[in-house]
Amino acid sequence: MVIVKIEPEGKTVEYTKLNTVLQLLNKQGLHHTDALVIRNGELLTPDERINQGDELELRKVISVG
């Protein structure tokens with residue numbers, strides 16, 4: 001089980017089959033430039049592996065201008 005906290009919504013989702021950050025972004029309908037994925041304070045790249053038991057934070061990038 002992988003737990004993902006999505007910000008700024010404050011929503012939490014759980015996935016049972018998730019292998020990479022890119023796969024997570026695809027499941028959320030996001031492009032790799034649309035969000036930051038963080039694990040234990042470390043920014044992850046799209047090709048980074050996700051492990052069972054990980055708790056991730058997905059922060060959507062908001063552009064104001």
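Trainee: What ground rules apply here?
Mentor: It's a predicted model, so local features need pLDDT of at least 70 and side-chain atom pairs count only at pLDDT 80 or more, while totals for chains, interfaces and linings use all residues. Residues are numbered from 1 along each chain as its sequence is written, and side-chain values use heavy atoms, leaving out hydrogens and water.

Trainee: Which pattern does the chain follow along the sequence?
Mentor: Helices (H or I, at least four residues) and strands (E, at least two) are DSSP runs, numbered from the N terminus. Read along the sequence, that gives β-β-α-β-β-β.

Trainee: What radius of gyration does the chain have?
Mentor: The radius is taken over C-alpha atoms, and the globule rule is 2.2 Å times the number of residues to the power 0.38. With 65 residues, a compact globule would come out near 11 Å, and the chain agrees, at 11 Å.

Trainee: How many salt bridges does the count come to?
Mentor: Side chains of opposite charge can pair when their charged atoms come close. The rule asks for a side-chain nitrogen of Lys or Arg within 4 Å of a carboxyl oxygen of Asp or Glu. By this rule the count is five.

Trainee: How many residues apart in sequence are the parts that Lys60 and Glu9 tie together?
Mentor: Lys60 makes a salt bridge with Glu9, with the closest N and O atoms 2.8 Å apart. Lys60 sits in strand β5 (residues 55-60) and Glu9 in the loop between β1 (2-7) and β2 (11-15), so the parts they tie together are separated in sequence by 51 residues.

Trainee: Is Arg39 buried or exposed?
Mentor: Buried means under 20% relative accessible area, exposed over 50%, and partly exposed in between (1.4 Å probe, protein chains only). Arg39 bridges to Glu48, the closest N and O atoms being 3.8 Å apart, and Glu48 is partly exposed at 25%. At 13% relative accessibility, Arg39 counts as buried.

Trainee: How far apart are the closest N and O atoms of Arg59 and Glu57?
Mentor: Arg59 is partly exposed at 39% relative accessibility, and Glu57 is partly exposed too, at 23%. The two form a salt bridge, and their closest N and O atoms are apart by 2.7 Å.
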